[in-house]
Structure formats: structure tokens, C-alpha cells
Amino acid sequence: MVLGVAKNYSHVLFPATASGKNVAPRVAAKLDVGQISDITKVIAADTFERPIYAGNAIAMVQSADAIKVITVRTTGFDAAGQGGSAAVETVAAAADSGKSSFVGNEIAKSERPELTAAKIIVSGGRAMGSSEKFNEVLTPLADKLGAALGASRAAVDAGYAPNDWQVGQTGKIVAPQLYVACGISGAIQHRPA
Ligand SMILES: Cc1cc2nc3c(=O)[nH]c(=O)nc-3n(C[C@H](O)[C@H](O)[C@H](O)COP(=O)(O)OP(=O)(O)OC[C@H]3O[C@@H](n4cnc5c(N)ncnc54)[C@H](O)[C@@H]3O)c2cc1C
């Protein structure tokens, strides 16, 4: 569907979410252009900043491709204000290619704030020792603070916390105002960028 309209545009942007990162590389490959991943700043129409080495360095990248396919690290940008003057076009959906069909989905339901948007996060690491301890120690704190629960990769790999709680480079990129890390070693994925 994206491919059907992409050629009319100079830039095709996706959020750097699981869904955006699923679609963007396929679109870039089909258009035969490079993907510019995870941008945190726009320098010019063809030049962008993006974190590398898990946020330890910032690379400035420039693309000479006619169409720029970009994933955007949304937490790196302030929300746009109201009242912009850009034209909003309604684009008709492309015809179904029939190559894939929607079978169903299972969405994790939670009363807690969504990790990627949470202002406060309580995260647990390998030192929590078990999912029972994770729940016993961290859940009451997160409840009191109105926080989202997160976990290190080590904790997720050990089965102490579900996969969708993983914070970091291969997990979710978060931007809370307060990050409480319990039993986490201080790996770069859990420190401010
Ligand atoms: C390419 C790549 C991508 C990665 N992506 C991610 C990612 O997205 N997210 C992520 O989390 N990790 C990621 N990692 C792994 C990351 O580098 C660390 O290995 C991992 O985060 C460590 O998890 P941890 O701090 O829970 O465990 P550990 O490193 O084992 O740390 C546990 C800490 O708990 C302390 N401790 C032990 N017992 C107690 C106690 N009783 N009370 C208090 N403290 C205690 C220990 O001293 C230690 O500091 C990635 C690694 C690679 C190579």
C-alpha cells in the first residue's frame, strides 16, 4: 500500500516502533533506496542525526537517494504545536495485493502507562531473581508511583518479566522523567542518552 503512493513523495516517514520497523525496510528495499534509521534530529532535507552504539555516539547521516525512507525516534522530538500550515492530503488506499491477510491479534491490556510514553518507569534486572520477586518488589512501587514497569534484557531472558517490558537498544526506547532501575547493572541501555 505504501509503495503505491511512495513515488509521489520525497520523504516517507515511519515511527521507529515495532510496526514501523517492520514495514520501513521492505518499502526501502522495494524502492531500491537506503533506509535512514532512528533519526533524532533533522538537520536538512537530506541530512539527519541518529544515535549509534546504543546512544553512546551520534552520527550525522546524509542521503543522496531520491526518496528518503526514514524511521523516526519519536521520543527525540517535541510534539508539534497546533495550527501548522502544511497541506493535509487525503490519499485513497491502494488495492489489496492479496499476498497477506489479517488473521487476528492479541493485545496486551494494562492499566499502567505505555512504556514508551511513561513519565515514570520502574525497571527490574537480573538481580530480581524470579518473576515472583519481580512482582512482589516492583509492582507495589510502580502502583504507588503510577509508573510503567520495565525490565532489562537479562531479566526478560531469564523469564522474570514479559518480552514487551524490555527497555533499551533491542527493547523499547523510553524517555521518562524518572527512571528507577532495581537490580540492573548500569548497562548503557538503562542510562540516559
Ligand atoms: C547488541 C546488544 C543489545 C542489547 N540490548 C539490550 C536491551 O535492549 N536492553 C537491555 O536491558 N539489555 C540489552 N543488552 C544487554 C546489556 O548489555 C546487559 O547485558 C543487560 O542489560 C544486563 O542486565 P542486568 O543489568 O539486569 O543484569 P546484570 O548485568 O547481571 O546486572 C545485575 C546487577 O544487579 C546487582 N545485584 C545482584 N544482586 C543484587 C542484590 N541483591 N541487590 C541489589 N543489586 C544486586 C549486580 O551487582 C549487578 O550490578 C544488549 C546487549 C547487546 C550486546
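Helices (H or I, at least four residues) and strands (E, at least two) were assigned as DSSP runs and numbered from the N terminus. The structure is a predicted model, in which local features require pLDDT of at least 70 and side-chain atom pairs pLDDT 80 or more, while totals for chains, interfaces and linings use all residues. Residues are numbered from 1 along each chain as its sequence is written, and side-chain values use heavy atoms, with hydrogens and water left out.

Helix H3 spans residues 131-145 and includes Leu145. Leu145 is partly exposed, at a relative accessible area of 34% (buried denotes under 20%, exposed over 50%, and partly exposed the range in between, with a 1.4 Å probe and protein chains only). In the loop between strand S7 (120-124) and H3 lies Ser130, which is buried, its relative accessible area being 18%. The side chain of Ser130 makes a polar contact with the backbone nitrogen of Lys133 at 3.0 Å (a pair of N or O atoms within 3.5 Å; within protein, one must be able to donate a hydrogen and the other to accept it, and residues adjacent in sequence count only if both atoms are side-chain atoms).

Ligand oxygen atoms lie 2.7 Å from a polar backbone atom of Thr170, 3.2 Å from a backbone N or O atom of Gly171, and 3.3 Å from a side-chain N or O atom of Gln166.
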